[in-house]
Protein chains: 2
Amino acid sequence: MRLLALDTATRHATVALLDGEALREREREVTTHSEGLLSLVDELLAEAGLAVAALDAIVCGLGPGSFTGLRIGLATAKGLCLAARRPLVGLSSLQPLAAAVAEAFPREQRLCCAVLDARRGEVFVARYRDGSALEPERLCRPETLAAELAAETEPILLAGDGALLYRELLARGPASLAPEGCHPIHARYLAHAARARVEAGSFDELASLVPRYLRASDARLPEVPLWRD
Amino acid sequence: MRLLALDTATRHATVALLDGEALREREREVTTHSEGLLSLVDELLAEAGLAVAALDAIVCGLGPGSFTGLRIGLATAKGLCLAARRPLVGLSSLQPLAAAVAEAFPREQRLCCAVLDARRGEVFVARYRDGSALEPERLCRPETLAAELAAETEPILLAGDGALLYRELLARGPASLAPEGCHPIHARYLAHAARARVEAGSFDELASLVPRYLRASDARLPEVPLWRD
């Protein structure tokens with residue numbers, strides 16, 4: 001199976017190419033995703049000697065995360081899919097964080113809370129056990145999350161840029177920071193997670209797929225998404 | 001020559017397919033460009049029975065205009081180009097407005113001011129004669145533009161959503177509104193304008209092409225472009 005996966009939910013642009021068991025990954029810290037993303041995709045494909053048309057599918061992180069970043073990532077993925085007539089799979093951008101934690105602690109069934117910075121003093125969060133979601137993704141204040149974490153009855157590992165940003169508030173009592181490599185989103189986990197859906201032929205409709213933003217303003221103020229300034 | 005052109009600088013998503021002399025165009029008012037753009041592209045190509053790989057180039061309006069809209073449009077165009085290994089031409093999103101005015105008044109060498117709403121009480125503007133730019137695109141307050149227009153020594157036609165929005169302020173003295181069909185951006189003018197560059201093989205570097213935003217904040221606050229919320 002050949003999959004190209006990408007995520008632009010955070011400042012950490014990540015692209016992975018899975019070709020059977022062979023995995024290549026390119027990552028870069030960016031200020032905007034306008035410049036960097038295509039280069040990463042291009043480099044990976046060139047290195048592997050693969051055309052987009054040779055892929056079984058393209059996998060895209062849908063968020064939650066950066067409003068503009070997610071839209072650029074998804075638009076890029078859609079463009080690639082349409083031009084090469086390849087199917088698209090959209091997945092959560094929080095799950096790859098939990099997958100990294102699960103990989104770091106194999107066979108331990110650890111509880112993990114994926115936390116991304118949502119700006120405006122908020123975070124996107126969801127809890128996972130061994131990489132599987134225990135609840136829907138949601139938006140909350142870090143203080144609220146801190147109170148919930150303090151009430152956990154077993155150790156819980158925090159992963160994501162939001163966990164790093166609010167570490168002093170969140171990493172207390174049962175909650176502690178996951179190992180260093182678990183905080184950026186790595187596209188390889190999106191590629192792995194998409195395999196079952198690609199095998200089942202369960203793809204997303206190109207035209208209707210939109211990023212997950214979780215903020216009510218998205219729905220209430222139709223002029224905001226296009227401009228945001 | 002076969003060209004696909006698209007523009008997402010405003011709420012008016014527009015896509016055109018030029019195949020020799022045959023022109024097809026699809027346009028839609030949108031609240032975000034996440035959903036609509038790919039459908040328009042897909043419909044046009046399907047109707048013409050063309051694959052992206054059969055195009056000589058893809059042409060994309062670079063703005064100035066909607067921050068997120070432009071990024072979605074350019075990311076889509078880049079994705080299409082990369083997957084089908086086709087070249088990209090980036091052009092001004094104001095020029096198509098002037099081209100529409102030039103077409104409405106053939107052989108009259110009319111002066112035109114293209115005006116797009118830039119939000120925050122500002123407009124993106126540039127003046128044209130017979131479709132050719134007389135000055136670089138710039139960002140200004142409509143009151144400033146009104147004073148400049150009042151000082152024009154010949155009639156000048158105003159085109160664009162900013163001209164409509166600020167019509168009471170701007171359409172006075174030598175300045176008047178262009179005919180109705182001149183206010184939305186039409187991608188067919190981008191396709192026409194790109195012909196010479198495609199013939200000359202003058203293409204843009206896929207990885208380095210970015211939208212034109214004209215706001216200083218873009219450069220001063222590196223975290224703003226990714227988030228804007």
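Because the model is predicted, local features need pLDDT of at least 70, side-chain atom pairs count only at pLDDT 80 or more, and totals for chains, interfaces and linings use all residues, while side-chain values use heavy atoms, with hydrogens and water left out.

Let me start with the open sheet of chain A, in which 5 strands follow the order S3-S2-S1-S4-S5 with mixed pairing; strands here are DSSP runs of E, at least two residues, and helices runs of H or I, at least four, numbered from the N terminus, and two strands pair if DSSP finds at least two bridges between them. Strand S3 (22-29) and strand S5 (88-91) of chain A are at the edges with a single partner strand each, so one side of each has no neighbour in the sheet. Within this sheet, S1 (residues 2-7) and S4 (residues 57-61) of chain A run parallel and are joined by 4 bridges, with Leu4(A) opposite Ile58(A) in S4(A).

Helix H2 (residues 67-84) of chain A lies across S1, S4 and S5 of chain A, at about 170 degrees to S4(A), where contact means heavy atoms within 4.5 Å, and angles, from 0 to 180 degrees, are taken between N-to-C directions of lines fitted to C-alpha atoms, for helices over the stretch in contact.

Turning to strand S10(A), S6 (residues 111-117) of chain A pairs with S10(A) in the parallel sense over 4 bridges, and Cys112(A) has Leu157(A) as its bridge partner in S10(A).

Terms used. Residues are numbered from 1 along each chain as its sequence is written. Chains are lettered from A and ligands numbered from 1 in the order in which they are written.
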